[in-house]
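Subject: Handing over a structure, with notes

Dear colleague,

I am passing on the structure below, and after it you will find an account of what was found in it. Please read the notes with the structure open beside you.

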Amino acid sequence: MISNLVSDAKRAFITRNVDLSLAARFCGEAPAAGDLVVARVERIRQHARLEDVYGRRVWLYTGDRLILAAAPRYSTAQYRAELPTGLGDCQLVAAGGIAAGVSDRNAQVKPATDLFIEGILADIEGVPLNLKRFQRLPAAASIRGAALPAVMVLGSDMDAGKTTTACAAIRGLTNAGYRVQGAKLTGTGAGPDYWRMHDAGAVDVADFVDAGFASTVGTTPAQILEILSRIEQRALQHRADVMVVEIADGVLQPETSALIASPDFVSRFEGVLIAGDNASSAAYVAQRVAMAGLPVLAISGALTRSPVACREVVAATALPVFTPDQLQSSDVIQTVLAPLFRGGDVALGACE
Amino acid sequence: MSSEYLTLPAPGEMGELTLTAAQSLNCLIYRPTEELRPERILVAVHGISRNYRSQAAAFRSMAERLGICLIAPLFDSDRFPNYQRLAAKPGQRRADLAFSMLLLTWQTARRLSELKIHLFGYSGGAQFAHRYAYLYPERIATLSACSAGWYTLPSSDIAYPYGLKSWPQWLGTPRSEELIRLPVLGLVGGQDCQRDASLRKSDRLDRCQGYNRIERIESWIEHINIRRSELGMANHALLHLMPGLAHDFDACAQSGLMLPTIEQFIQSHGR
């Protein structure tokens with residue numbers, strides 16, 4: 001019985017919006033991106049734990065059955081992986097619950113945990129349970145133009161401190177009395193960033209999973225822009241004042257690179273917070289952002305652990321650098337993000 | 001050389017530019033007939049009258065002779081009401097940030113491995129210039145400050161904004177020791193001793209820096225030179241008094257006392 005199999009399985013974070021009571025049978029021979037699959041753990045290697053829908057990282061054992069989503073993944077720090085071409089052997093390529101076939105691996109991580117896909121979950125009509133059917137975000141508004149001010153958090157690479165920077169901004173804005181919508185707009189479905197934005201004080205957090213994407217590998221700027229519009233609608237429902245939007249990976253990642261080359265996308269933001277893992281990479285990202293016609297509002301990220309690196313960035317760019325702790329200060333973040341809040345400037349008098 | 005995100009005027013011409021990457025900062029740009037040093041820019045910052053066109057017109061021929069581009073930014077009063085102080089309180093747009101993005105876009109578009117500016121400011125523009133130099137000394141080739149109403153003195157014993165003590169965190173970290181080492185020229189009119197309506201006045205400021213623009217620039221230059229002496233530096237910051245001139249940019253520019261002094265200073269000290 002599928003229902004018994006599903007109820008006994010360990011369910012991944014990325015399936016959080018899916019109504020699993022609809023699962024009635026297996027269907028098909030090759031999963032589409034976003035299809036839910038039941039996979040058996042064959043051999044535990046890199047990922048020994050799986051994030052569940054509550055954010056707990058549950059331990060895995062050989063023979064466990066998992067409910068995952070099939071999707072490609074792009075990660076310079078872990079794996080490049082393709083959509084499985086059929087049932088059978090594949091790998092667990094992200095702890096959030098992505099089943100895919102590894103094509104490239106960073107030498108610093110172990111080979112991915114091996115899986116065996118037993119079937120693609122479908123409803124009683126035989127229609128696959130795909131994340132697209134379980135979207136939490138409202139439809140995009142037809143109005144054009146920005147309704148809510150938004151700042152983009154852009155990084156030099158994975159582990160550059162993007163989420164730390166985004167969460168520091170959320171915390172600082174919250175401390176200053178703003179209602180903040182947190183958003184992870186691109187990347188691979190995963191819990192830590194999502195929960196961390198909640199913990200930082202965001203009144204709501206949304207990501208591409210809420211728009212039916214397991215990952216955003218291969219998406220177009222137009223698709224991402226639509227997700228952003230839908231997140232904005234949700235932010236309006238939550239009476240948010242401002243959106244802090246994190247973009248995954250680094251500026252050289254193909255989809256990210258296409259996004260910042262898109263005038264429609266760029267025009268949606270008042271500015272960028274850069275998270276750099278080192279001084280030269282931060283300076284490079286600042287140049288790319290300038291070329292895109294976007295204001296850099298501040299530089300932060302992992303590099304700020306080093307005062308010397310901070311000096312190098314300031315020398316190279318003449319842009320302000322703040323640690324995540326500093327960004328949590330309401331005075332600092334309100335000044336950094338002042339261009340988001342038009343009409344807030346009040347002259348203190350016309351003296352020199 | 002121009003690019004799709006930075007369009008420069010033709011050689012020998014003045015053009016106006018608004019850069020979205022620089023928070024839509026508007027500026028006038030003069031490009032010399034023969035550009036001898038692309039890695040240097042002459043920047044002229046207006047006072048609170050925001051006469052950036054007068055600044056551009058006054059410095060145009062100097063830029064031509066030096067063979068470097070001239071930028072005269074406009075810090076509009078709506079968005080940058082307190083540009084003199086970069087920003088005067090938390091939550092205000094930082095004028096330095098918009099200006100830095102202008103320079104970064106320029107440097108990127110023109111593929112320059114280094115970019116330094118000969119920074120001049122008049123009155124409120126001189127305030128902007130010296131405070132910008134505190135934050136970004138690496139960007140400065142020379143600093144010429146003329147007739148500011150008051151200064152942030154390079155002293156950690158004097159409380160901000162008149163000194164560096166308790167400089168606000170939201171405004172970054174001042175680098176006083178690096179500013180001290182820069183080529184610095186102070187200028188002021190010999191008749192610029194009026195306590196006019198636009199001059200900031202308070203007992204504390206009067207005690208700290210003097211009663212008028214002449215006394216205050218003398219105080220600023222003296223503080224720099226005391227520290228230079230402590231550091232064993234042979235060269236001193238210069239102070240140039242312009243006889244007969246009051247607080248009037250156009251009069252200073254036309255007098256033949258201000259612009260040649262600045263040009264000679266740049267030629268002598270511009271690395």
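**A strand in chain B**

From strand β4 of chain B, the residues B:Cys69, B:Ile71 and B:Pro73 point one way and B:Leu70, B:Ala72 and B:Leu74 the other way, and all are buried (a residue is buried if 20 or more other C-beta atoms, placed from the backbone, lie within 10 Å of its own). Helices and strands here are DSSP runs numbered from the N terminus, with at least four residues of H or I for a helix and at least two of E for a strand. Because 6 of the 6 residues of β4(B), residues 69-74, are buried, this strand is largely enclosed by the rest of the structure.

Before going further, please note that this is a predicted model, in which local features need pLDDT of at least 70 and side-chain atom pairs count only at pLDDT 80 or more, while totals for chains, interfaces and linings use all residues. Residues are numbered from 1 along each chain as its sequence is written, and chains are lettered from A and ligands numbered from 1 in the order in which they are written.

**Its neighbours**

Strand β2 of chain B (residues 25-31) pairs with β4(B) in the antiparallel sense over 5 bridges, where pairing requires that DSSP finds at least two bridges between two strands, and B:Tyr30 stands opposite B:Leu70. Strand β3 of chain B (residues 40-45), by contrast, pairs with β4(B) in the parallel sense over 3 bridges, and there B:Ile71 is the bridge partner of B:Val43.

**Chain B as a whole**

Chain B has 8 helices and 8 strands. Its radius of gyration, taken over C-alpha atoms, is 17 Å, close to the 18 Å that the globule rule (2.2 Å times the number of residues to the power 0.38) gives for 271 residues, so chain B is as compact as a globular protein of that length. The C-alpha trace of chain B spans about 50 × 40 × 40 Å along its principal axes, and buried residues make up 50% of the 271 residues.

**Where the chains meet**

On the side of chain B, 40 residues are in contact with 29 residues of chain A, contact meaning that the C-beta atoms of two residues, placed from the backbone, lie within 7 Å. The elements of chain B that give two or more residues to this side are α2 (95-109) and α3 (124-135), and α2(B) gives the most, with 7 residues.

With best wishes

Key. Buried ≥ 20, exposed ≤ 12 C-beta atoms within 10 Å, placed from the backbone.
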